[in-house]
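Let's work through this one together, a question at a time. Have a look at the structure, then follow the conversation below.

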Protein chains: 4
Amino acid sequence: MLSFVNDYSSTAAPQILEKMQQLGNEHNPGYGADKYCDSAATKIRKACDDPKANIWFLVGGTQTNQTVLSAITPQYAGVVCASNGHINVHEAGAIEATGHKVLALPQHNGKITAEQLDEYCQSFERDANHEHMVYPGVVYISQPTEYGTVYTREELAAISQVSHDHDLPLFVDGARLGMALTADDNDVALPDIARLADVFTIGGTKCGAIFGEAVVFPRGNSPKNFTTLVKQHGALLAKGWLLGLQFDALFTDDLYLKLAKHANEEADKIRKVLFEKNYDVEFVSQTNQIFIVLTNEQAKKLEKNVQLGYMEEVDADHVMMRICTSWATTDEEVDELIKLL
Amino acid sequence: MLSFVNDYSSTAAPQILEKMQQLGNEHNPGYGADKYCDSAATKIRKACDDPKANIWFLVGGTQTNQTVLSAITPQYAGVVCASNGHINVHEAGAIEATGHKVLALPQHNGKITAEQLDEYCQSFERDANHEHMVYPGVVYISQPTEYGTVYTREELAAISQVSHDHDLPLFVDGARLGMALTADDNDVALPDIARLADVFTIGGTKCGAIFGEAVVFPRGNSPKNFTTLVKQHGALLAKGWLLGLQFDALFTDDLYLKLAKHANEEADKIRKVLFEKNYDVEFVSQTNQIFIVLTNEQAKKLEKNVQLGYMEEVDADHVMMRICTSWATTDEEVDELIKLL
Amino acid sequence: MLSFVNDYSSTAAPQILEKMQQLGNEHNPGYGADKYCDSAATKIRKACDDPKANIWFLVGGTQTNQTVLSAITPQYAGVVCASNGHINVHEAGAIEATGHKVLALPQHNGKITAEQLDEYCQSFERDANHEHMVYPGVVYISQPTEYGTVYTREELAAISQVSHDHDLPLFVDGARLGMALTADDNDVALPDIARLADVFTIGGTKCGAIFGEAVVFPRGNSPKNFTTLVKQHGALLAKGWLLGLQFDALFTDDLYLKLAKHANEEADKIRKVLFEKNYDVEFVSQTNQIFIVLTNEQAKKLEKNVQLGYMEEVDADHVMMRICTSWATTDEEVDELIKLL
Amino acid sequence: MLSFVNDYSSTAAPQILEKMQQLGNEHNPGYGADKYCDSAATKIRKACDDPKANIWFLVGGTQTNQTVLSAITPQYAGVVCASNGHINVHEAGAIEATGHKVLALPQHNGKITAEQLDEYCQSFERDANHEHMVYPGVVYISQPTEYGTVYTREELAAISQVSHDHDLPLFVDGARLGMALTADDNDVALPDIARLADVFTIGGTKCGAIFGEAVVFPRGNSPKNFTTLVKQHGALLAKGWLLGLQFDALFTDDLYLKLAKHANEEADKIRKVLFEKNYDVEFVSQTNQIFIVLTNEQAKKLEKNVQLGYMEEVDADHVMMRICTSWATTDEEVDELIKLL
């Protein structure tokens, strides 16, 4: 059975597994105070062109979003995001569990706009009525978005500007950051993000690592005692060198970008055929996720031979499905899928 | 430099790393719905002699304690534990972060007694004054304790009885459970724990796994929607098969017990010499942790050649240190350490 | 200056203030264990036709919603309500502060429907995808709603049925319950609410009391140790008899209903004129709140002589305002207002 | 039956009840934006000799402690207090419910010392081991303490100094502040507290008001959007003028101090007789609480005619009881009690 169900169904890129095997019986200090974390952080700082960036390595995405957002959101405030934002829909209430409302704005192709954000924030400043409401406290966006679309540098700069105009930090969730950085028409580089965001993540789990998300606080702006906060959220891995080692490998010889680019390219091949065959493809995206609306019959037929991601019922007769490639997707798998379309 | 600083400074037993390497490009379903988790759970159920046990696999200890305890502690209640309990001292307030007070009882050799617990619970039932206080809601113990001591079956049964007499679930933190199960004079087997506890963990991180803690709810008594709670705490590993695979290996051919027994045996050799040389050894323990009080001078001298765990200042001239062995400790390392004593 | 700004700008009905004055130097036990609370509870049980109802008296509305909802919402779940529900918009995130997401459904005249609710709950039961989402855990409605509309007995019964079909308790926020009970075409009596809801409140603050909200758990179904939970939320008034005394007075000789009916009647007079003069009146309501859309000019002119409640900007030229009567509104005040329309 | 059970069993001083009666049908803006709150705040600022102090009025003590402490305690930190501190023992876990551990230090006559505090804080700065522990984040003391003792100005200044040396704000819980300010050998005036503390409360509930606690942030140092935080905790009284009016009365013609002084003087009379008759009086205190150890028999006999506060069982034969006077205690009541001793 073919699988295009998600981008985290294979363990890890061979380069990473090999590094782990080489560790052997080596002793390392715990909790991230090891040479691998050090080396990885140095490489990430360089890639971000930000020598002062503070970097932590955590295990998973929800854990990272929860730990970071609860650390930087004031108690009286909530987290502004697109209505389809991962934190709003698919993290089981992890943000609210830390006491903060998620303030969802209507999404457009998975994005929010600077104008929307500005209007929303201004509404809180216009009158005292809002004192009984939840103030915006942080702006959360994903790059790429949940729908695989990519913010342009202009869009990102505008959102950053508006956020800062309203004294709000900007958090960029980069669970699939590699795929955004390597999308064909992307114009946002890692140093742009480090310059425009106040904190962002570089996702490993979906980009070739076994697991792991790097948290980057640009310009040395990490919250006080952040390691303690990571521990308090149960997010401090005892054997932290496992995370450091992976990110060290990912940021050696552009492995991170190469793995992500591969995922995008395999998706591009599929997208091309889908367009040729007039499939109903949603959202304009060059990253590794493809959302298509199928008739129930089409879906049923396809699923005999290939696992797709189920998104939602569109109406009684139609369903939205996701085709997702990854660093591990092979040309053969894509060819087989294309035959089925 | 020799290291006896802790039992989680080496990556993992070769049997485990090998299994991971063999995964290759295999696709697996996410979040624990894979064949490895299935197989591991089956083996654990068998080892516990509890065919109805519900089992989840999480990544780390604090995360597991936080997720489980917040799921089973009523909102009006706190978690009863020994004053030196890990949740009370070394988890950065992870329990309080979920809204619950930790109710610390004085420890004896790292343990609490059934009598202590009973007296404490009765005080809440004696008068209405306690309505403004935090009720006991769960009983938390560690096996072995933070000081490496092991509850006897009689002690455990009494604590279980008292807990249930007061309608409190009993949680056994088994971060080093292997070492307790294989301690020389231990009389508590896994099925005893499954019978006496309402939830317990089988620690992997300190017992030969790369990482991972198995959570066991005996007799099918898991909280409703526990997977959602795991997700909400950021504790649901995307590539859950990594956890399943490790516990599957650990519960094949008694690997878990063998690794733990090795750690204990290496500690026994050191303990023997410490006693012979009249070192001030604290706590009567047969597990892999040895606590000794040294003069500052002794400590300074030893630390030139061997890393020990720092516990606490005893007085201006003395310090308590921990010697900790693990599955990875070699005979040679122990011999070298003994020469230094 | 006339004021129709809200229904909590006057202290209390004279019958209540008089009772308080009569207390003199009387000693009473604290925290609600006094004879006034006892008597008030007895009268409310009778009015609800529910001899087993458990009753507590709290000070304010947000406090009550927070304390009750956090007590009955499972940790993995959120609170379902209308998008304009008070807990979703005007309580500064008090529900999220206790760890629970507010799950807002689109409102219709301030209401949600049983069909909407059923469809929403079914979506969680249809597929396992929802395991990463926030389950519905409680259904919250207001009677009357935020827009002054009143659920019919049929609507309420249907919502109750659907809630229970999905194992969800139904919470009815009765901050202005008196106004609903005495609205002209209302067919829902207090015993209906006690029969259909799992917990509800009888608001005092907006219905003639100095302050106070009665919490009623029908059929003896209060959560365990609820007094401790009230204390934990800082919601246990030391001099609880002040609350008991007020509700005792309100439930003597139908004072509660008489005060509310007066508010409705004064609103009816105003509504009649508004309709005659073709004002743009929103929502069909017979309770004490009237929502009208005015041009900015109209609003400006009116506000020279009368304070109204500001709701929201409708567009660049229009604004929605609220005219709110209360138990304290006099015929003279209404006549004056009518002259200004 | 005589009652010396507590200092909040009578409604309020006549001067306060009268003011409330005079309100009549007056309209006031809600939530503290009224003239009474304004006037009360002005008078308190003057009494504190701090023209920049920010002042809020809340209803109850636990509510106030919870709202203020959760607003000023960093997420990684806990609240340091004496082991018998109200927040540690008698507030049902209200602090932990907001995510913060209470860090209890051993008490001496109900107090902590600057030395103790310094040593505790230093232990966190000495080594990196503490990164996995809960940092001290705020210092909480009560004036008078739970045992009725009073910090001297020197003690208070030293605690303030140490707190600030370690970057911790100092919170003074003044639930019975009046009694401290008017104790015979007290040398701490309100301006001293305003100068030494970073936030403190002036308790009304136990000092002659119907209810109410004034929160004072000296030097304009209130947390951002504190009103929203008060609302979020369900602690924002709709009819805020009721609080303002009471504190306005209490801070007119020294009523607050006069009421408190009366309570102390009545206690002094009782204390004198207790000493004469060689009762076992605990703690050296000049405020309105007297703690005595009685034989069970003595207690039983006394309680036939007078209600005392039950504190705790001392041993099988002895019990600690509290005799508590208040602004409402009459000379006759004291005389009657003395006859029974």
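This is a predicted model: local features need pLDDT of at least 70, side-chain atom pairs count only at pLDDT 80 or more; totals for chains, interfaces and linings use all residues.

Student: Nice! Which are the edge strands of chain C?

Tutor: Start with the order of the open sheet, β2-β8-β7-β6-β5-β3-β4 in chain C, where the pairing of the 7 strands is mixed. An edge strand here pairs on one side only. In chain C, the strands that do this are β2 (54-58) and β4 (102-105).

Student: At about what angle does helix α2 of chain C run to β2(C)?

Tutor: Find the helix at residues 35-48 of chain C, lying across β2, β7 and β8. Its direction compared with that of β2(C) gives an angle of about 125°.

Student: Now the other chains: how many residue pairs are in polar contact between chain B and chain A?

Tutor: Good one! In chain B, 42 residues are in contact with 42 residues of chain A. Between these chains the salt bridge count is 0. For residue pairs in polar contact, both at pLDDT 80 or more, the count is 27.

Student: And which helix gives the most to the side of chain B that touches chain A?

Tutor: Four helices of chain B, α1, α3, α9 and α10, each supply at least two residues of that side. With 4 residues, the one that gives the most is α1(B).

Conventions. Residues are numbered from 1 along each chain as its sequence is written. Chains are lettered from A and ligands numbered from 1 in the order in which they are written. Side-chain values use heavy atoms; hydrogens and water are left out. Contact means heavy atoms within 4.5 Å. A salt bridge is a side-chain nitrogen of Lys or Arg within 4 Å of a carboxyl oxygen of Asp or Glu. A polar contact is a pair of N or O atoms within 3.5 Å; within protein, one must be able to donate a hydrogen and the other to accept it, and residues adjacent in sequence count only if both atoms are side-chain atoms. Two strands pair if DSSP finds at least two bridges between them. Axes are lines fitted to C-alpha atoms, for helices over the stretch in contact, and angles run from 0 to 180 degrees between N-to-C directions.
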